[in-house]
Amino acid sequence: MVSFFSSRLQVLRNFFSHFLLGEEPYFFLENLSLLLAAGIPILDAITATSGEIRSRRLQSILQALSRDIDAGKPLSVAIERTGLYLPHVSSLIRIGESSGRLVENLKVIAVEQKKERFLRSRLRSAALYPLFVLVLAVVIGVCISWFILPRLALVFLQLKIELPFLTKLLIQFGLFLGAYGFYAVPIFFLLIIVLLFFIFSFSGTKIIGEHVLFLFPGVKHLIKETEITRLGYLLGSLISAGLPLPEALRSLSQATSFFRYQQFYLFLHDSVSDGNSFKKSFVLYKKTSPLIPVPVQQLIIAGEQSGTLSQTLINIGTEYEIKTDASVKDLSVILEPILLVIVWVVVVAVALAVILPIYGLLGGLQVSP
């Protein structure tokens, strides 16, 4: 039990430490590849690149990187010791060092990371609008409930009429917020943040959030296109840079954040390592078609049989990058009426809870004369 919690705490520490670094580790490799291509020695290139880094933690990591290289360690070993990048980055650098293509492989890494940032930005931009609407609706709803409902509750309690059930619920909620709102509202927002973190970000439980996302057709379609784009660019780039196919598939499984695709890529890794082709591997995995469309499977099989697998994969990534752009725009159009309906239902429920007692009071006044 102690080891379980210690491992989870380590995951949390790694998550927040890498989150605070932002995009600077990626920019470091991009600038390093440009400086090395210009013929600058590697230690001078690292020193020049680290001068543009704002994060003190990353600066200290790069200083340790320079010390390792100055002590005679290869760049691939020093990069791996930093813990900043996925294993395939150090593997590509190691292959570049042994083959004399270090600069070319660093350029491949820079392009691959740029594509990865593009995919993540597309997913974030797709989620930004609905998230903004939902957060705004929750904030407005909490403010109304905290500051207005307690006063309405006192008014309704003084009415000598039978209140509807919806109004009684509203009154109880308003009285509760009037008495304990100073504690309840911050706890409510804190619980939402913790819940969202464990559902969508925490490694042990984010599979729940993945199942939730796959329930929405538009979101599921966007995730599929994003993963196919990643499959094309990353796998094609790794193979063209000289990384063996099984190791490239393992790196692909580590690059994705969706459990279904991780399992699929790991299965492909095991199947290819056993000597199977992509065609046989796709047939053996029963859930291939929901994850990878049949036309994409046929393209990959044709590329493997013709010896042009890496270029075929890169072409698939290029095509699906365009489709991802279109799907992001379509998703906003699809989600907008759904969000409006949700907000409309909440507004109508509150309005009915307030208006029904008023109609009841007016009816009572007409009967009393």
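**View 1. Phe200 and the nonpolar patch on the surface.** Phe200 is partly exposed, with a relative accessible area of 39%; buried stands for under 20%, exposed for over 50%, and partly exposed for values in between (1.4 Å probe, protein chains only). Keep in mind that this is a predicted model, in which local features need pLDDT of at least 70 and side-chain atom pairs count only at pLDDT 80 or more, while totals for chains, interfaces and linings use all residues. Residues are numbered from 1 along each chain as its sequence is written, and side-chain values use heavy atoms, with hydrogens and water left out. Nonpolar side chains in a patch are joined within 5 Å, and its residues have over 30% relative accessible area and no salt bridge. Helix H9 (165-200) and helix H10 (206-213) each give the patch at least two residues.

**View 2. Asp68 meets Arg81 in a salt bridge.** The N to O distance here is 3.0 Å; a salt bridge needs a side-chain nitrogen of Lys or Arg within 4 Å of a carboxyl oxygen of Asp or Glu. Asp68 sits in helix H4 (residues 56-70) and Arg81 in helix H5 (residues 75-82), so the pair ties together parts 13 residues apart in sequence. Asp68 is buried at 13% relative accessible area, whereas Arg81 is exposed at 54%.

**View 3. Glu247 pairs with Arg94.** The closest N and O atoms of this salt bridge are 3.9 Å apart. Because Glu247 belongs to helix H12 (residues 245-255) and Arg94 to helix H6 (residues 87-99), the pair links parts that are 153 residues apart in sequence. Glu247 is partly exposed at 28% relative accessible area, and Arg94 is partly exposed at 40%.

**View 4. The lining of the second largest pocket.** Look here for Phe214, Lys220, Phe259, Arg260, Gln263, Tyr285, Lys287, Pro290 and Leu291. A pocket is an open set of points on a 1 Å grid over the protein atoms alone, with protein on both sides within 12 Å along at least five of seven lines, and lining residues have an atom within 4 Å of a point. Helix H13 (259-273) supplies the largest share of the lining, 3 residues.

Technical notes: On a 1 Å grid over the protein atoms alone, a cavity is a set of points where a 1.4 Å probe fits but cannot get out, and a pocket is an open set with protein on both sides within 12 Å along at least five of seven lines; lining residues have an atom within 4 Å of a point. Helices (H or I, at least four residues) and strands (E, at least two) are DSSP runs, numbered from the N terminus. Patches are made of residues with over 30% relative accessible area and no salt bridge: like charges are joined within 9 Å, nonpolar side chains (Val, Leu, Ile, Met, Phe, Trp, Tyr) within 5 Å. Accessible areas come from the Shrake-Rupley method with a 1.4 Å probe; for residues, only the protein chains shown count as cover.
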